[in-house]
Amino acid sequence: MKFKAFPIFFVSFLALGLLGLFLAQSTYLENKGYDISSLQFTKSYVLNAIMALIVFFAIYVFRDKYRDLLGFFFLGGSLLKFTLFFIFLYPGFNQDGSLERLEFLVFFVPYGFALVLETFFLVKLLNTV
């Protein structure tokens with residue numbers, strides 16, 4: 001994989017992966033009788049996609065100048081994702097007083113995918129810098 005193609009590959013894998021997960025998870029939930037509009041489903045996927053892009057491009061842009069700090073950018077991005085979860089998604093999930101497993105999975109499935117993808121590309125990036 002060529003170094004300059006990293007952003008293109010990352011954005012492509014992220015978009016296709018999240019779209020595939022979105023379709024699979026929404027189809028599964030609708031077949032089980034859940035109303036995905038009440039689960040903040042789309043909001044969760046969009047939030048995770050935007051944050052993954054921000055974290056990746058922050059690491060990519062600062063890869064030469066702050067090479068020793070790239071791991072901290074990655075960890076800071078994860079912390080920022082959870083902070084945004086508690087600001088934007090948690091209040092809606094916690095309206096009934098508890099965070100159910102289904103509500104957690106609506107956030108964690110796209111978060112987990114984006115985290116694995118970010119980790120893979122960070123390792124590739126660190127091996128080429």
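User: At what relative accessibility does Ser26 count as buried or exposed?
Analyst: This is a predicted model, in which local features need pLDDT of at least 70 and side-chain atom pairs count only at pLDDT 80 or more, while totals for chains, interfaces and linings use all residues. Residues are numbered from 1 along each chain as its sequence is written, and side-chain values use heavy atoms, with hydrogens and water left out. Buried means under 20% relative accessible area, exposed over 50% and partly exposed in between, with a 1.4 Å probe and protein chains only. Ser26 therefore counts as buried, its relative accessibility being 7%.

User: Which residues is Ser26 in contact with, leaving aside its neighbours within four places in sequence?
Analyst: Ser26 is found in helix H1, where helices (H or I, at least four residues) and strands (E, at least two) are DSSP runs, numbered from the N terminus. Contact means heavy atoms within 4.5 Å. With the neighbours within four places set aside, the contacts of Ser26 are Leu21, Ile36 and Phe41.

User: How many helices does the secondary structure of the protein come to?
Analyst: From the N terminus on, the elements run α-α-α-α. There are zero strands, and the helices come to four.

User: How far apart are the end C-alpha atoms of helix H1?
Analyst: The expected span of a helix is 1.5 Å times one less than its number of residues. For the 26 residues of H1 (residues 6–31) this should be 38 Å, and the model agrees, because the end C-alpha atoms of H1 are apart by 37 Å.

User: Which helices do the buried residues of H1 pack against?
Analyst: The buried residues of H1 include Phe6, Phe10, Leu14, Leu18 and Leu29, and also Gly17, Gln25 and Ser26. The buried residues of H1 pack against helix H2 (41–61) and helix H4 (101–128).

User: Which elements are included in what covers the buried residues of H2?
Analyst: Among the buried residues of H2 are Phe41, Leu47, Met51, Val55, Phe56 and Ile59, together with Ser44 and Asn48. What covers the buried residues of H2 includes H1, helix H3 (70–93) and H4.

User: Which residues does Val55 touch, not counting residues up to four places away in sequence?
Analyst: Val55 is found in helix H2 and counts as buried because its relative accessibility is 5%. Val55 and Ser78 are 23 residues apart in sequence, yet 8.4 Å apart in space, C-alpha to C-alpha. Beyond the neighbours up to four places away, Val55 touches Phe73, Phe74, Gly77 and Glu118.

User: How much space lies in the largest cavity?
Analyst: On a 1 Å grid over the protein atoms alone, a cavity is a set of points where a 1.4 Å probe fits but cannot get out, and lining residues have an atom within 4 Å of a point. Grid points are joined across faces, edges and corners, and a volume is the space filled by probe spheres set on the points. The structure holds one cavity of 30 Å³ or more, and the space in the largest cavity is about 40 Å³.

User: Which elements give two or more residues to the lining of the largest cavity?
Analyst: The largest cavity is lined by Phe10, Val55, Phe56, Ile59, Phe74, Glu118, Phe121 and Leu122. The elements that give two or more residues to this lining are H2 and H4.

User: What percentage of the 129 residues in the protein do buried residues make up?
Analyst: Along its principal axes the C-alpha trace spans about 50 × 25 × 15 Å. Among contacts between residues at least 6 apart in sequence, 78% join residues at least 24 apart. Of the 129 residues, the buried ones make up 37%.

Notes:
On a 1 Å grid over the protein atoms alone, a cavity is a set of points where a 1.4 Å probe fits but cannot get out, and a pocket is an open set with protein on both sides within 12 Å along at least five of seven lines; lining residues have an atom within 4 Å of a point.
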